[in-house]
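Have the sequence and the model open as you read.

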Amino acid sequence: QVQLVESGGGLVQPGGSLRLSCAASGNIFRIFNINWFRQAPGKERRLVAHINRDGRTNYVDSVRGRFTISRDGAKNTVYLQMNSLKPEDTAVYYCNAAGTESDPTFNAWGQGTQVTVSS
């Protein structure tokens, strides 16, 4: 069973950058979709960015052009590069892996990493 560990969160000033990492314990190319979600205080967890097994990416409108999701198969790691950060990007960011050929119902979450954008 694939396990996910996020890292890279922290405190950054508005306009700054952070790169989040999601290290998987298994082959990420076996996973149909790997997603980054975020959850701000008092709000629902929402999808931010997505990459599928074919490498196609998609983003929520509020981060498109500022965030980039990518992957390194050799390291079984998915990244979220976040540029031009805004205070409204403050949230706990979660990595999610969904679906494999052997188990289309597979769904795993990391423990989350806090991102705080503040001056």
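S4 and S9 pair in the antiparallel sense over eight bridges, where two strands count as paired if DSSP finds at least two bridges between them. Strands here are DSSP runs (E, at least two residues) numbered from the N terminus. This is a predicted model, in which local features need pLDDT of at least 70, side-chain atom pairs count only at pLDDT 80 or more, and totals for chains, interfaces and linings use all residues. Residues are numbered from 1 along each chain as its sequence is written, and side-chain values use heavy atoms, with hydrogens and water left out.

**Pairing around S4, S5 and S9**

- S4 (31-39) and S5 (46-52) run antiparallel and are joined by six bridges.
- Phe37 has Leu47 in S5 as its bridge partner.
- S4 and S5 form a hairpin with six residues between them, and Gly42 in its turn has a positive phi of about 75°.

**S11 and its partners**

- S9 and S11 pair in the antiparallel sense over three bridges, with Val115 in S11 as the bridge partner of Ala91.
- Strand S2 (residues 10-12) pairs with S11 in the parallel sense, over three bridges.
- Val115 in S11 is also the bridge partner of Gly10.
- The covered face of S11 holds Thr113, Val115 and Val117, while Gln114 and Thr116 are on the uncovered face.

**The four-stranded open sheet**

- An open sheet of four strands has the order S1-S3-S8-S7, with antiparallel pairing.
- Its edge strands are S1 (4-7) and S7, each pairing on one side only.
- From one strand to the next, the twist averages 15°, based on axes that are lines fitted to C-alpha atoms, with angles running from 0 to 180 degrees between N-to-C directions.
- S1 and S3 pair in the antiparallel sense over four bridges, and Ser7 stands opposite Ser21 in S3.

**The disulfide**

- How many disulfides does a search of the whole structure find? There is one, a disulfide being a pair of cysteine sulfur atoms within 2.5 Å.
- Cys22 and Cys95 form this disulfide, and their sulfur atoms are 2.0 Å apart.
- The pair links distant parts of the chain, with Cys22 in S3 (residues 18-24) and Cys95 in S9 (residues 91-100), 73 residues apart.
- The torsion about the S-S bond of Cys22 and Cys95 is about -75°, so the disulfide is left-handed.
- Cys22 is buried at 2% relative accessibility, and Cys95 is buried at 0%; buried means under 20% relative accessible area, exposed over 50%, and partly exposed in between (1.4 Å probe, protein chains only).

**The nonpolar core**

- The largest nonpolar core has 30 residues; such a core is a set of buried Ala, Val, Leu, Ile, Met, Phe, Trp, Tyr and Cys residues joined through side-chain atoms within 4.5 Å.
- Which residues have the most contacts inside this core? They are Trp36, Leu80, Met82 and Tyr93.
- The elements giving two or more residues to the core are S3, S4, S5, S7 (67-72), S8, S9 and S11 (113-117).
- In soluble globular proteins, nonpolar side chains tend to be buried together.

**Thr77 in S8**

- Thr77 is found in S8 (residues 77-82) and is buried, with a relative accessible area of 8%.
- A polar atom of the Thr77 side chain lies 2.9 Å from the backbone oxygen of Lys75.
- Leaving aside neighbours within four places in sequence, Thr77 is in contact (heavy atoms within 4.5 Å) with Ser21, Cys22, Ala23, Ile28, Ser70, Arg71 and Asp72.

**Arg53 between S5 and S6**

- Is Arg53 buried or partly exposed? With a relative accessible area of 29%, Arg53 is partly exposed.
- Arg53 sits in the loop between S5 and strand S6 (57-59).
- The side chains of Arg53 and Glu101 are joined by a polar contact of 3.0 Å; a polar contact is a pair of N or O atoms within 3.5 Å, where within protein one must be able to donate a hydrogen and the other to accept it, and residues adjacent in sequence count only if both atoms are side-chain atoms.
- Leaving aside neighbours within four places in sequence, the residues in contact with Arg53 are Phe29, Arg30, Ile31, Phe32, Arg71 and Glu101.
- Arg53 and Leu20 are 33 residues apart in sequence and 19 Å apart in space, C-alpha to C-alpha.
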